[in-house]
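Below is a short report on one protein model, written for reading alongside the sequence and the coordinates. Please keep both at hand.

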Amino acid sequence: MRKRAEIEIILKSDLCVGSGYSYAGIIDSDVCYNENGIPYIPARRLKGCLREVAELIKISAIDEIFGIVGDSKSSFLTLSNAYPKNYENLNEEITLLKFKEYEEQLTTQKVLDQYTYVKAQTAIDIDTGIAKENSLRYIRVVKHYSALDKEEMCFTAKIEYDEAHEKDIENAVKGLRHIGMNRSRGLGNIQCKVINKTEIKENTNITLGSEEKRVCLSYTVKNIAPLMLSGNSDDTTDNFIKGQTVIGAIAGKYLSENGRSAQDELFYDLFLSGKVKYTNLYISQKVKKYDKETYISYTPAPLFINTLKKSGKIVNITKKSNGDTFGEGSEYDAKGGNQPKKLKGKYIYFSENNKDIAVTSPVFDMVYHHSKRAEFSKNVDRKKTESGLLYTMKVVREGQYFSGSIIGEKKYIDFLYKMLDTLNLGKSKSAQYGECKVVNAEITDYSVIFPLKKDDIVFVNFESDGIFIDKEGSYTVATNEISSIIADELGIEGEMLEEYTFLQTEIVTGYSTVLNLKRPSFLAVGMGSTIGYKLSKDVIIEKSFVGEKNTEGFGKIKIYQYSELPVAFNEMNIAKISEKPNACRGLLESIMLQDFLELAKVQSLKVERIEISPATLGRLTLMFTESLRENKKPSKAFEDLKKRIDSIKRIPERTKIVKFLTNCLGEDKKFGMIDEPLAKDIEININKIIGKGEASSLYEKMQDVGIDNMDEKIRDMWIEYLGNILTYQRRRVDR
């Protein structure tokens, strides 16, 4: 029986979980945080610390629970990164808002500043008792207390484990007291426990239907965690999710349920027979269409679509309106170094009329990992990791969408549909990487009917890599052989047009987790490749796959008619769904108030010089300081300051101070109507703090957000506002 739970991590001190990054002259050791500035604890660090505790308290099944590096068997423990509460909604909302209404507030640095601060430390010479030369270091740390709710920072990490190891895992979690850097110097003190335990129910009640009509299951996944997808080397990643990877993930879920095995007839039909096709998943985007949330899927950019090097215009290189010009205007002229270049690694989305186009690509991160000790496997006779090894991995950033489809008979698709909830994809799925959530799925009838007329010029474009075998049974990438094979499979009669044919090759490989080895590599036609034909006969194309291994997503094609493609494309700006602050409301409020305070300080410098003696100014400054020291609340401090001013016996001096205070930030309806003005009649006028310009504009934006008790919070800024004025006035007097 498998169980799902969460590890709650409450900070008992400041924390620095090092990311491996540093910034010369500013920060020597940085914390882990995402592109929006939200800090997190990497799952691999957490798993390593839990293993240390397990070894310390002498848990017997350590290798079974945590796994062995390089072993083909997965560990019983699956762990995710630890994030602050409500992270998923918070992160997505910031991503949408930071490029729209609140781009000045929700920057990475401003969000990060709400959670962290920079700490300085140095080394002391034992003999002299003074700091060693060149030993000053700056590290960024996560604050013990949250700036948003003033409570101790709390992180949660998702965990899955086998029920047989539940007690051992709970003991290891409970025993984890320190994590991160400088544990012996006051950082990284934490309290952990396992919460929200639930049983993972098996889908044993799913049965196979009988309907045989062909349908298509279109679905979109969101990667909750970064993705490390199998590439041609160990430290890089693909920018899409292969159909092979999807098959492995779903097959693994099938086999994890009791009573099912790889010898089942259903297993063979779903994953091995070719009756079901699993396409690649490409980058997607959530948009609002007809007042409804939907997801648009991008596809690999065809090789005949290029971008001009200098102007950035997107053009069709098979068409030129006049010589080396792709349209009217100098920006479409290919001369003077403005040559076309491939949209390498890019993905496109066409409008319905093929005239407009959107271009995008997935976002990547480079992450650092540290192998702390050398390990030896009892099952594999070789050294597993080098002690102290620091290495990097390129990963697909979390929070992105990928769309694809599964095609087959309805009885199979209905069965698979009920299994699609979460998928663990790619490498290192047991810690930190690979978790994806299915956010959208829809089943529709599947049919391909594409009628073409004699003399039409058509492009057969590869939306995935294509694998082809020649008559001798060998893999081939020869243009003539491939064009002939495709023509035969699609029923095309006509000639291949070399000037409209663009082929590139890719090395296709894979990885066998059972054998713990890479699969044999071979050449294939790369995605984006295009073959042009001029038809000599009418034809109706009823296929969307060609070549071999279509089950795994290879050989998916799309047909373009030359006559319907423009010379140049208009680039579309596909708007994401606009949001109003909800999950990030508290964070945005804190940032806005901080920004407003900085603008108010600037506003305070514009106060004209007040004719007041240095002695009087010094006395007011002393009263101001004492009022703050004896009163924690800003409102009480202000009332105390007014009482202190009214206690001044010399009327001329008191009058000057009251005038000064009123001119700076006060409002006194009685002032001027009596001979001896009193500070007790002054009320704070927030309009003087707001002023004009940027502060006034930000104030209006804060009103739109609807910050609770906003005027009261601005009124409480009188301390920083007046303090700045006093400092500036004193400098003027000193001069």
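## Selected residues and the overall model

Asn 709 counts as exposed because its relative accessibility is 54%; buried means under 20% relative accessible area, exposed over 50%, and partly exposed in between, with a 1.4 Å probe and protein chains only. Asn 709 sits in the loop between α15 (694-705) and α16 (710-715). Its phi is positive, at about 50°, although Asn 709 is not a glycine. Helices (H or I, at least four residues) and strands (E, at least two) are DSSP runs, numbered from the N terminus.

This is a predicted model, in which local features need pLDDT of at least 70 and side-chain atom pairs count only at pLDDT 80 or more, while totals for chains, interfaces and linings use all residues. Residues are numbered from 1 along each chain as its sequence is written, and side-chain values use heavy atoms, with hydrogens and water left out.

**Confidence.** pLDDT is the predictor's confidence in each residue, from 0 to 100. The protein averages 86, and 91% of the residues score at least 70. Strand β8 (residues 277-278) has the highest confidence, at a mean of 96, and strand β26 (residues 511-512) the lowest, at 62. Over residues 374-386 the pLDDT stays under 50, and for this stretch the model has 26 contacts beyond four places in sequence. A contact means heavy atoms within 4.5 Å. Where pLDDT is low, the predicted coordinates should not be read in detail.

**Whole protein.** The secondary structure comes to 17 helices and 34 strands. The C-alpha trace spans about 110 × 75 × 55 Å along its principal axes. Of the 735 residues, 49% count as buried. Among contacts with a separation of 6 or more, 74% are between residues 24 or more positions apart. The accessible surface comes to about 37,100 Å², and carbon and sulfur atoms hold 47% of it; such areas come from the Shrake-Rupley method with a 1.4 Å probe, and for residues only the protein chains shown count as cover.

**Residues in strands.** Ser 284 lies in strand β9 (residues 282-289) and counts as buried because its relative accessibility is 6%. The side chain of Ser 284 makes a polar contact with the side chain of Ser 403 at 3.0 Å. A polar contact is a pair of N or O atoms within 3.5 Å; within protein, one must be able to donate a hydrogen and the other to accept it, and residues adjacent in sequence count only if both atoms are side-chain atoms. Not counting residues up to four places away in sequence, Ser 284 also touches others, including Thr 220, Tyr 295 and Tyr 401.

Lys 222 belongs to strand β7 (residues 214-223) and is buried, with a relative accessible area of 6%. Leaving aside neighbours within four places in sequence, the contacts of Lys 222 include Glu 88, Glu 92, Tyr 401 and Glu 435.

Gln 561 is in strand β31 (residues 557-561) and is buried at 17% relative accessibility. Beyond four places in sequence, Gln 561 touches Phe 450, Leu 452, Asp 456, Ile 457 and Val 458.

In helix α3 (residues 87-97), the buried residues are Tyr 87, Leu 90, Asn 91, Glu 93, Ile 94, Leu 96 and Leu 97. The cover over them includes β2 (78-84), α4 (108-115) and α10 (585-604). An α-helix has 3.6 residues a turn, so residues three or four places apart point the same way.

Lys 643, in helix α12 (residues 634-646), is exposed at a relative accessible area of 63%. Tyr 417, in helix α8 (residues 410-417), is partly exposed at 38%. Tyr 417 touches Leu 217, Ala 441 and Ile 443, not counting residues up to four places away in sequence.

Gln 432 lies in the loop between β20 (422-424) and β21 (435-445). Gln 432 is buried, with 4% relative accessibility, and has a positive phi near 85° in a residue other than glycine.

**Distances between residue pairs.** The table sets separation along the chain beside C-alpha distance.

| Pair | Separation in sequence | C-alpha distance |
|---|---|---|
| Lys 643 and Leu 678 | 35 residues | 9.1 Å |
| Gln 561 and Leu 452 | 109 residues | 8.6 Å |
| Tyr 417 and Ser 184 | 233 residues | 51 Å |
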